[in-house]
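Subject: Structure handover

Hi,

Here's the structure I said I'd pass on to you. Have a look at it first, then read my notes below.

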Amino acid sequence: MADIDISLGILGDNIVIGAFRRIGEVAIDALGSAFSAVADFAVDSFKGAIEAQEGIDKLTGSIARLGDKSPITIDGAMALADQFKNLVGGSDDVVLAMTNVGLRFDKIGADILPRFIEQSADLATTLKLEPTKAAELLGKVLQDLGTDGVGSIGKLKAAGIQLTDEQEKQIQKLVELGDVTGAQTVLMDALASTTGGAAATASETLAGKWAIFQETIADAGEGVALALLPPLTELADKVLPLIVPLVETVAGALSEFIADMASGEDPIGGLANLVYSLANAFGLDGEGLFKSVIQLRGPFEKLVTWV
């Protein structure tokens, strides 16, 4: 009976130990996954912040090049991005890119630009295009109205958007009268009657709301990363000039050492050269360490001969 009690006790201990071990393994795996997720989020945030800053820089450059002819300021563009971002999956970066597309066309004025962005988003949803591609399509049509009249509408027809004969005649009449802005307004109204609200409707679906939620989380991470970019950039400006030569020196020394070892002619000499280069790179006494290592050449050669 005592043996049975001891066996049961050992079995119970093993079960408890095994359970705690398994709990520990699960906890470690969970912590590892959590750290990995945080690291991935941080990397994605900094990558997104850099891309966002590049987009802002491009738009700022476009506005600066246009000068007084620009239909919008950077502050105005940021306001439009906040206004229309949910039409393109919650991304203000995409709206800024669409705005930059609109600035390529001098026939898109300040009064048309907001509708241009909204209608481009609707076109993108209807035609299943990237928002910037839809903006390019609509921008070319609006630009060419003044020279090609209703002929420019053929680009929309080719993409699958149809206008009535009455709408086309009205547009043509306005173009002939030199009222390009009026013709653009009629075209926008015509598009609104066929594709208007498509992007807003899509944003209210489960998939649309999920996309906006994901983008909101990503934007939060980008916001933190954007705040950190200036000090990190300043730090990099100071540190990189010191690190790059060091890395190049170490890489060169390792390459030479590998070549010396591959030749087999003087491995100790190769090792001494490596130590000399690395020591000097890190501010140590390279010459002294070189002499110490090179003294091993004789004993090493004797060992090789003996072997």
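Helix α4 (residues 113–127) and helix α5 (residues 131–148) cross at roughly 120°, and their axes come within 8 Å. That angle makes α4 oblique to α5. The crossing of these two, α4 and α5, is right-handed. If you want to find the contact on screen, pick out F116, Q119, S120, L123, A124 and L127 on α4, then P131, A134, A135, L137, L138, G139 and L142 on α5. Sorted by class, the residues in this contact of α4 with α5 come out as ten nonpolar, three polar and no charged.

Before going further, one thing to keep in mind: this is a predicted model.

Now the whole chain. Among contacts in the protein chain with a separation of 6 or more, 59% are between residues 24 or more positions apart. The chain exposes about 18,600 Å², and carbon and sulfur atoms supply 62% of that area.

Next, have a look at α2 and α3. The axes of α2 and helix α3 (residues 92–102) come within 8 Å and cross at roughly 125°. That makes α2 oblique to α3. In this crossing, α2 passes α3 in a right-handed way. Which residues meet here? From α2 there are A77, M78, L80, A81 and F84, and from α3 there are D92, V95, L96 and T99. The contact of α2 with α3 divides into seven nonpolar residues, one polar and one charged.

You'll find M78 in helix α2 (residues 74–84). M78 has a relative accessible area of 36%, which puts it in the partly exposed group. Setting aside neighbours within four places in sequence, M78 is in contact with I56 and L96. M78 and D92 are 14 residues apart along the chain, and their C-alpha atoms are separated by 7.9 Å.

On to K155, which belongs to helix α6 (residues 154–159). Its relative accessible area is 31%, and K155 is therefore partly exposed. Which residues does K155 touch, not counting residues up to four places away in sequence? The answer is L137, K140, V141 and D144. One of those, V141, is 14 residues from K155 along the chain, and the C-alpha atoms of the two are separated by 6.9 Å.

The last pair is α11 and α12. Helix α11 (residues 267–281) and helix α12 (residues 286–294) pack with their axes 8 Å apart, at an angle of about 160°. What does that angle say about their directions? Angles over 145 degrees count as roughly antiparallel, and α11 and α12 are therefore roughly antiparallel to each other. The way α11 passes α12 is a right-handed crossing. On the α11 side, the contact is made by I268, G269, L271, A272, N273, V275, Y276, A279 and N280, and on the α12 side by G286, E287, L289, F290, V293 and I294. By class, this contact of α11 with α12 has ten nonpolar, four polar and one charged residues.

To finish, zoom in on N273, which is found in helix α11. N273 is partly exposed, with a relative accessible area of 37%. N273 and E287 are 14 residues apart along the chain, with 9.6 Å separating their C-alpha atoms.

Happy looking!

Conventions
Residues are numbered from 1 along each chain as its sequence is written. This is a predicted model: local features need pLDDT of at least 70, side-chain atom pairs count only at pLDDT 80 or more; totals for chains, interfaces and linings use all residues. Side-chain values use heavy atoms; hydrogens and water are left out. Axes are lines fitted to C-alpha atoms, for helices over the stretch in contact, and angles run from 0 to 180 degrees between N-to-C directions. Helices (H or I, at least four residues) and strands (E, at least two) are DSSP runs, numbered from the N terminus. Angles under 35 degrees count as roughly parallel, over 145 as roughly antiparallel, 65 to 115 as roughly perpendicular and the rest as oblique. A crossing is left-handed if the near helix is turned anticlockwise from the far one by less than a right angle, and right-handed if clockwise. Contact means heavy atoms within 4.5 Å. Ala, Val, Leu, Ile, Met, Phe, Trp, Tyr, Cys and Pro count as nonpolar, Asp, Glu, Lys and Arg as charged, and the others, Gly among them, as polar. Buried means under 20% relative accessible area, exposed over 50%, partly exposed in between (1.4 Å probe, protein chains only). Accessible areas come from the Shrake-Rupley method with a 1.4 Å probe; for residues, only the protein chains shown count as cover.
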